[in-house]
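Here's a quick walk through one model, from its surface to its core. Have the viewer open and click along as you read.

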Amino acid sequence: MLPLAAGLYSFARHRAIDPARPPGRVYLAGLVLSVLTAFGLSSTGGINAGHILGILALLAVGGALLVPRLSFFGRARPYLAQLGFSFSFFLLLVPGINETLTRLPVAHPLAAGPDSPLVRGALATWAGIFVLGALLQWWWMRSQRNA
């Protein structure tokens with residue numbers, strides 16, 4: 001919940017997750033803690049899709065933190081870094097969407113499982129929001145650079 005709130009605040013206030021600002025640092029710390037604690041909470045006893053998504057989110061954040069230091073990416077560095085942070089935020093919510101729709105309301109969940117049309121539709125909508133948001137971020141960053 002902490003990375004979700006910090007990420008939403010950061011997007012609303014700064015149009016990006018910036019690790020140099022307090023909300024960005026809270027997002028990063030919360031993301032790492034939530035992924036690490038998720039490994040201990042799994043009821044399957046092994047690695048599952050949620051763990052893989054968490055690992056991918058950590059890799060995306062690691063890449064986003066590394067890209068600005070790699071000069072061969074040139075002027076694309078800030079765009080690639082922000083894409084990594086945004087992608088980590090996208091991945092953070094994928095398991096939550098599935099779990100919410102397959103467990104709530106408790107007496108009669110909205111969806112039967114991850115293959116349910118409702119879950120697939122919600123995830124497709126979330127993917128569309130991510131793509132649209134990434135394009136808007138790119139446009140905003142480019143307009144700030146040109147201003």
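Let's start with I47, which is exposed, with a relative accessible area of 65%. For that label, exposed means over 50% relative accessible area, buried means under 20%, and partly exposed is in between (1.4 Å probe, protein chains only). I47 sits in the loop between α2 and α3. Helices here are DSSP runs (H or I, at least four residues), numbered from the N terminus.

A word on ground rules: this is a predicted model, where local features need pLDDT of at least 70 and side-chain atom pairs count only at pLDDT 80 or more, while totals for chains, interfaces and linings use all residues. Residues are numbered from 1 along each chain as its sequence is written, and side-chain values use heavy atoms, with hydrogens and water left out.

I47 also belongs to a nonpolar surface patch of about 710 Å², together with V32, L36, F39, I52, I55, L56 and L59. Patch members have over 30% relative accessible area and no salt bridge, and nonpolar side chains are joined within 5 Å. A salt bridge would be a side-chain nitrogen of Lys or Arg within 4 Å of a carboxyl oxygen of Asp or Glu. The areas come from the Shrake-Rupley method with a 1.4 Å probe. Helices α2 and α3 each give two or more residues to the patch, and α3 gives the most, with 4 residues.

Now for the inside. The largest nonpolar core has 17 residues, and Y27, L31, F85 and F90 have the most contacts within it. Helices α2 (22–41), α3 (49–66), α4 (77–103) and α5 each supply two or more residues, with α4 giving the most, 5 residues. Such a core is a set of buried Ala, Val, Leu, Ile, Met, Phe, Trp, Tyr and Cys residues joined through side-chain atoms within 4.5 Å.

| Residue | In contact with |
|---|---|
| L31 | P3, A57, V61, S88 and L92 |
| H14 | Y9, R21, P23 and W140 |
| L123 | V94 and I97 |

H14 is in helix α1 (residues 2–14), and counts as buried because its relative accessibility is 17%. L123, in helix α5 (residues 117–146), is partly exposed, with a relative accessible area of 24%. From L123 to A49 is 74 residues in sequence and 14 Å in space, C-alpha to C-alpha.

Technical notes. Contact = heavy atoms within 4.5 Å. Patch = residues over 30% accessible without salt bridge, like charges linked within 9 Å, V, L, I, M, F, W, Y side chains within 5 Å. Lists of a residue's contacts leave out its neighbours within four places in sequence.
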